[in-house]
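Look at the model first, then follow the dialogue.

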Amino acid sequence: MPQHCDRCRREAPTQDSTAFLDWEAIGDGSDVRCPDCVTGAEQQAVDDDMMDLQQAADDAEFRRITGHGGALG
Ligand SMILES: [Zn+2]
């Protein structure tokens, strides 16, 4: 019985196929994720991290310039 991508439900190649190497096993391996969905998830995570870092940098710069938020006032 073929496995399917847990996100887009695309049918996975057989596990002895080289194409299956691009798929990622989820959890105990009973679920799999296709290369497209793996890449998409990773890309989304990277984007979120970059947004957080930029926001933190902006906040720090704002406090430095205005003097607000500093312990010494
Ligand atoms: Zn998929």
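A: Start with burial. A residue is buried if 20 or more other C-beta atoms lie within 10 Å of its own, exposed if 12 or fewer, and partly exposed in between; the C-beta atoms are placed from the backbone. Gln-3 counts as buried because 21 other C-beta atoms lie within 10 Å.

Q: What kind of model is this, and how are residues numbered?
A: This is a predicted model: local features need pLDDT of at least 70, side-chain atom pairs count only at pLDDT 80 or more, and totals for chains, interfaces and linings use all residues. Numbering starts from 1 along each chain as its sequence is written.

Q: What pLDDT does the protein average?
A: pLDDT is the predictor's confidence in each residue, from 0 to 100. Where pLDDT is low, the predicted coordinates should not be read in detail. Here the average is 84, and 90% of the residues score at least 70. Strand β2 (residues 31-33) has the highest confidence, at 92. Helix α1 (residues 35-66) has the lowest, at a mean of 83.

Q: Which pattern does the protein follow along the sequence?
A: Helices (H or I, at least four residues) and strands (E, at least two) are DSSP runs, numbered from the N terminus. Read along the sequence, the pattern is β-β-α.

Q: What radius of gyration does the protein have?
A: The radius of gyration is taken over C-alpha atoms; the globule rule is 2.2 Å times the number of residues to the power 0.38. A compact globule of 73 residues would come near 11 Å, but this protein has 21 Å. Its C-alpha trace spans about 65 × 20 × 20 Å along the principal axes.

Q: How many of the 73 residues count as buried?
A: The share is 8%. Gln-3 lies in the segment before β1 (24-26).

Q: Which residues is Gln-3 in contact with?
A: Two residues are in contact if their C-beta atoms, placed from the backbone, lie within 7 Å. Leaving aside neighbours within four places in sequence, Gln-3 touches Ala-12 and Val-32 in this sense.

Q: Is Val-46 buried or exposed?
A: Val-46 is exposed, because it has 10 other C-beta atoms within 10 Å. Val-46 lies in helix α1. Its C-alpha atom is 24 Å from that of Phe-62, 16 residues apart along the chain.

Q: What phi does Arg-9 have?
A: Most residues other than glycine have a negative phi. Arg-9 is not a glycine, yet has a positive phi of about 65°. Arg-9 counts as exposed, because it has 9 C-beta neighbours inside 10 Å. Arg-9 and Val-32 are 23 residues apart in sequence and 9.6 Å apart in space, C-alpha to C-alpha.
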